[in-house]
Amino acid sequence: MQLIHKMTRLELFNHIIRKRSFLCVGLDTDIRLIPPHLLSEADPVFAFNRAIIDATAEYCVAYKPNLAFYESLGAKGIEAFEKTVTHIRTHYPDQFIIADAKRGDIGNTAGLYARSFFEHAGVDAVTVAPYMGEDSVKPFLVEGRWVILLVLTSNRGAQDFQLTEDAQGERLFEKVLKKSQEWATDEQMMFVVGATQGKMFLEIRRHAPRHFLLVPGVGAQGGSLEDVCKYGMNAQCGLIVNSSRAIIYSDRTEDFARAARREAHKIQAEMAGYLKQGTTKII
């Protein structure tokens with residue numbers, strides 16, 4: 001079990017102001033894509049993650065390991081995930097750590113998932129699917145930890161369910177937004193909204209004006225950071241924008257970490273501009 005500081009909403013906002021960044025680096029570490037010279041390491045995935053983290057920590061406020069990339073490697077992958085979290089906690093304790101696990105199961109099973117991520121791994125937040133309703137989400141609402149609920153994603157299949165309307169014209173993602181706010185406040189719950197949704201952020205903010213939004217899809221998936229900020233930023237920023245492949249795979253040579261640092265710095269500089277010149281004038 002890892003004993004860690006529990007990050008509040010205000011502390012996260014202050015972290016954003018201090019760094020002039022709301023960048024989350026996605027650690028979607030595919031052993032088939034990391035630089036070949038790392039394959040001789042005892043733990044290639046962790047060696048890659050450690051170098052990426054050390055190179056980018058100055059420019060981001062969060063890291064998001066995607067559990068699929070670790071679980072696919074069996075016990076060695078889980079070990080690499082845990083070592084990655086420990087490295088961040090030890091060397092960069094102000095970073096917000098998100099386990100991108102997309103869990104969603106009945107209450108007693110959800111409780112075990114929550115224990116795994118919060119008590120054992122020691123992350124700050126877990127992504128959770130809302131389809132099974134309140135009793136599948138509430139076990140993750142542990143004091144001092146965060147649930148990040150999938151609401152409106154960036155994949156093509158999002159329209160299959162998320163945008164469907166009931167007889168009153170209410171779309172499913174709107175129902176999820178409204179209902180889930182009966183379970184937790186903006187001090188404990190965030191929402192996933194894909195960067196490719198553009199002006200749909202206006203609809204999200206109509207129902208959830210104060211909540212933080214985790215926004216994947218900037219970079220390799222083609223989402224516009226400008227649109228995300230224009231339509232999604234609130235008076236306390238309210239955004240954690242994730243970039244994975246565009247940063248961590250920007251170079252596959254022995255210079256990969258420096259290349260990742262350059263890419264993270266470039267995104268951070270753009271974010272600093274939006275924080276400063278946006279309508280909210282956050283900094």
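This report looks at the aromatic ring pairs in the structure above.

The model is predicted, so local features need pLDDT of at least 70 and side-chain atom pairs count only at pLDDT 80 or more, while totals for chains, interfaces and linings use all residues. Residues are numbered from 1 along each chain as its sequence is written, and side-chain values use heavy atoms, with hydrogens and water left out.

Let's start with the rule. Rings of Phe, Tyr and Trp (its six-membered ring) pair up if their centres lie within 6.5 Å; planes under 30 degrees apart are called stacked, over 60 edge-to-face, and the rest tilted. Count that way and you get four aromatic pairs. Here are two of them, with their geometry.

| Pair | Type | Centre to centre | Angle between planes |
|---|---|---|---|
| Tyr70 and Phe81 | tilted | 5.9 Å | 55° |
| Phe96 and Trp146 | edge-to-face | 6.4 Å | 80° |

Tyr70 sits in helix α3 (residues 67-71) and Phe81 in helix α4 (residues 75-91), so this pair ties together parts 11 residues apart in sequence. Phe96 belongs to strand β3 (residues 96-103) and Trp146 to strand β5 (residues 146-152), so here the tied parts are 50 residues apart in sequence. Helices (H or I, at least four residues) and strands (E, at least two) are DSSP runs, numbered from the N terminus.

What about burial? Buried means under 20% relative accessible area, exposed over 50%, and partly exposed in between (1.4 Å probe, protein chains only). Tyr70 is buried at 0%, and Phe81 is buried at 4%.

Finally, Phe48, Tyr249 and Phe256 gather into one aromatic cluster.
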